[in-house]
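Please find below a short note on this structure, written for someone who has not seen it before.

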Amino acid sequence: MILHRYLLRESLPILLLALLFLTAVYLFGFFYAGARWLEGVPLPKILRWLSYHVPGIWVQVFPIALVTTTVLVFGRLAAEGAHFALLSAGIPLGRAALPLVAVGAVLSGLALYLQEYVVPEANNRVRVAWWDEIHTQGAGLFRLKGMQIPIGQGKSLYFQDFDMAAKEMVGVRITAFHGEVGTFLFAERGTWEDKTLTLKDYRYYQVDFAQVPGLETAPDLLAQVRRVFRVVSQGKTLEVTSDLSRARAIADYADTFSFGQDSLSEAWRKLKDPFLPPLEKWRARLELHSKLALPLANLVLVLLAAAMALRYGKSPGLALGMSVVLALAYYGAFFLGRALAGIGALPPELGAWGANLLFLLLGLRALR
């Protein structure tokens, strides 16, 4: 259809420019927020850190860029009186909006793909690059001191302090339990590269807690103590394998900010975990449905944006203002729903999908 080709030809350049502009605004915001720490940092490191934000930014700005595009294109049709020609020719407004609905479907699919395969790893790299390359120049582990870090196979890592100059953990302790037998590994210092921890001046002990009560009645106390408390080994250097990589440890534990590190499939697996506590399951439901609802906003906002633009967007300034209002209204409703679901006032599904449902109904009604 000629109309559809025309709308696509007019829409795609505007969409691209809107996407580039919004991405630049978001990146400038991140740059400005971290400016005090970026002095003296090589430009390639700064650009790499900013580039890791881009996939997550796109998921958030796709709906805004599409609303802006829709309002500008259909506002121009309204300014030229083209919408009356459409109605006179028997072409419903909803049918005229189909090309942008198709663009919204493509953006929704792309956003879901990014949420599953790109955004979680990119968000991990954002935090690793910040704490390990920019903020501390290779000493990002200092943020983990004093924490109990599970490193897999039942082992837990703790270190008392971090030497910023030597980039070494100080006062390292690794504990693990197999039944009632506990193993305790102490070291004066240690380093962590990828999934290998290298411990210096270590001492390795084993304690059988099942036999501790027998100490009170043991006829040969010294022999029984040796069976309960054993020095397995000690020496200068020991390597310990971790299931958790150094980068992932920094990404998971360096700070308390949430960067959406779970993919859609990981969020689904967490939701289906039968051992997940009720409160965590509630949060997992909200997180999964939010990750699905936000990308699909690209579809629901197009209809309302097209209808509003045809009726009220007869000047570019008014059209741009309308796009800002629609985007803010949607995100306000979306985050309000999340907040209400977070405190238990709404079911997680309704809290996540409520804004989409509201704007879909408004759009369908406006295009009638």
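The points below cover confidence, salt bridges and a surface patch.

1. The model is predicted. Mean pLDDT over the chain is 87, and 92% of the residues score at least 70.

2. Lys145 and Asp161 form another salt bridge, the closest N and O atoms being 3.5 Å apart. Lys145 sits in the loop between H6 and strand E1 (149-152), and Asp161 in strand E2, so parts 16 residues apart in sequence are tied together. Lys145 is partly exposed at 41% relative accessible area, and Asp161 is partly exposed at 35%.

3. Arg285 and Glu349 meet in a salt bridge at 2.8 Å, N to O. Arg285 is in helix H10 (residues 278-312) and Glu349 in helix H12 (residues 348-366), so the pair links parts 64 residues apart in sequence. A network of salt bridges with shared partners joins Asp163, Glu168, Arg189 and Lys200.

4. On the surface, Phe177, Phe209, Val212 and Phe229 form a nonpolar patch with about 350 Å² of accessible area together. Phe209 lies in the loop between strand E5 (196-208) and helix H7 (221-228). Its relative accessibility is 36%, so Phe209 counts as partly exposed.

Key. Residues are numbered from 1 along each chain as its sequence is written. This is a predicted model: local features need pLDDT of at least 70, side-chain atom pairs count only at pLDDT 80 or more; totals for chains, interfaces and linings use all residues. Side-chain values use heavy atoms; hydrogens and water are left out. Patches are made of residues with over 30% relative accessible area and no salt bridge: like charges are joined within 9 Å, nonpolar side chains (Val, Leu, Ile, Met, Phe, Trp, Tyr) within 5 Å. Accessible areas come from the Shrake-Rupley method with a 1.4 Å probe; for residues, only the protein chains shown count as cover. A salt bridge is a side-chain nitrogen of Lys or Arg within 4 Å of a carboxyl oxygen of Asp or Glu. Helices (H or I, at least four residues) and strands (E, at least two) are DSSP runs, numbered from the N terminus. Buried means under 20% relative accessible area, exposed over 50%, partly exposed in between (1.4 Å probe, protein chains only). pLDDT is the predictor's confidence in each residue, from 0 to 100.
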